[in-house]
Amino acid sequence: MPRKRKRPLDSRIDYTVILPVFLLILIGMVAIYTATSHDNPHSVLSVIIQQVIGIVVGCIIAFVVMFFDVERLWKLTPYLYGAGLALMVLPLFIYSPTLVASTGAKNWVSVGSVSLFQPSEFMKIAYILMLARMGVWFKDEYKEEEPSLKKDGRLILIYLAVTAPVLLLLVLQKDMGTAMVFLAILAGLIVLSGVSWRIILSALLVAGLGFGLFLLIFTSDWGKEWLYHMGMETYKINRVAAWLDPFAYESGIAYQQVQGLISIGSGGLFGKGFNIAELSVPVRESDMIFTVIAEDFGFVGSIVVILLYLILIFRMIRITIESNNVFNTYIATGFIMMILFHVFENIGAAIGVLPLTGIPLPFISKGGSSLMSNLIGVGLVLSMSYQNSLAKERRIDEGLSRSSWNKYWI
């Protein structure tokens, strides 16, 4: 019998995924340095060190995850989901009153003035894995049953049972921006699961009508006051008002949005150049990091960033298509939806299309928790690519073995 050829490890690593991620991280480091050096020059070194630690730790975890096979991920998923829920309880008790007062949310585990980590960022990965596991389990358990609205409804109820504890904790944390990310992931996996378009279109219609009704009430003379008495918090009302008419509140609640819009516009076609930040934009090292890129590198630099995201997403879709494992397909779809929503919401908020929600720009914004979570997701995608490469090698080796065996019998 001929011996199987040994292939080097690096031949199984998908560099077409790693390259855009590396470039986005590099752009992020440059943008964070620019923002911090102008807004808080005394903390530049500590901020960069924290970001580098997040990159190193995230890359190490991603490298380990890359070697996880489907069976191991399947077994670990319930434990990761349970651990994620347990971690999300911590910010309700271990938090910084100062940070809560400034953001309105208890979503960070903080000791004194030091913010340690944001559990919901890691929960995103555990949630994707759990939804994927339940989707595959349901598909296998009811494979003999004919498609019907009743069957689709049962699957949606299972998904909602997985989602409800997460959303409840996010409501308690008052972090509705992150809740929207989980709902985007849920929507993507519901569509992938083959749920009837009658249910999906009905849900979209109800959501659209609900949003339209909300805007109608909000823009009425009595709307804001009525929403406040109905339980909508002041900072949320201010965010919506600042989004709908930012220049009417440019010296107050919409100062961040207006300064961000002016900053983006001032960059022009090619930008002002490296390490220039002539306008003051609050928290531009995280939520408004896109304004730094647009001001320094202009329209061209902004388009390059968007193209890098599109290349990464395109490559992840290709890996998903090449994989013939349903569990992997569900995981990759969830992660793609997560990245897409983050990019769409963050950039959309920066250019005034969407209201501010505090959602970071993947691989670019300051924040170790978000960065590590995104890199873990990349590790899962690399694991799929790695398994695809192993499967191809096995097919090639089996083909060579059969050819060599037949040669002796012809």
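## Model and confidence

The structure is a predicted model, in which local features need pLDDT of at least 70 and side-chain atom pairs count only at pLDDT 80 or more, while totals for chains, interfaces and linings use all residues. Residues are numbered from 1 along each chain as its sequence is written, and side-chain values use heavy atoms, with hydrogens and water left out.

The chain has a mean pLDDT of 89, and 94% of its residues reach 70 or more; pLDDT is the predictor's confidence in each residue, from 0 to 100. Over residues 404-410 pLDDT stays under 50, and the model has 2 contacts beyond four places in sequence for them. Contact means heavy atoms within 4.5 Å.

## Nonpolar cores

A nonpolar core is a set of buried Ala, Val, Leu, Ile, Met, Phe, Trp, Tyr and Cys residues joined through side-chain atoms within 4.5 Å. Buried means under 20% relative accessible area, exposed over 50%, and partly exposed in between (1.4 Å probe, protein chains only). The largest core has 90 residues, and those with the most contacts inside it are M123, Y127, V166, I331, F335 and F363. Another core, of 8 residues, lies apart from it and includes F218 and M232.

Leaving out residues up to four places away in sequence, V166 touches Y81, L85, M88, M123, Y127 and F182.

## Surface patch

L269, F270, F299, V300, I303, V304, I306, L307, L310 and I311 form a nonpolar surface patch with about 890 Å² of accessible area together. Patches are made of residues with over 30% relative accessible area and no salt bridge, with like charges joined within 9 Å and nonpolar side chains (Val, Leu, Ile, Met, Phe, Trp, Tyr) within 5 Å. Areas come from the Shrake-Rupley method with a 1.4 Å probe; for residues, only the protein chains shown count as cover.

## Two buried loop residues

P91 is in the loop between α3 (70-89) and α4 (97-103) and is buried at 0% relative accessibility. Beyond four places in sequence, P91 is in contact with K106, N107, W108, V109, P119 and Q173.

S365, in the loop between α13 (326-350) and α14 (368-407), is buried at 5% relative accessibility.

## Salt bridges

A salt bridge is a side-chain nitrogen of Lys or Arg within 4 Å of a carboxyl oxygen of Asp or Glu; the count is 10. K272 and E278 form one at 3.0 Å, N to O; K272 is partly exposed at 25%, and E278 is exposed at 60%. K174, E233 and K236 are linked in a network of salt bridges.

Terms used: Helices (H or I, at least four residues) and strands (E, at least two) are DSSP runs, numbered from the N terminus.
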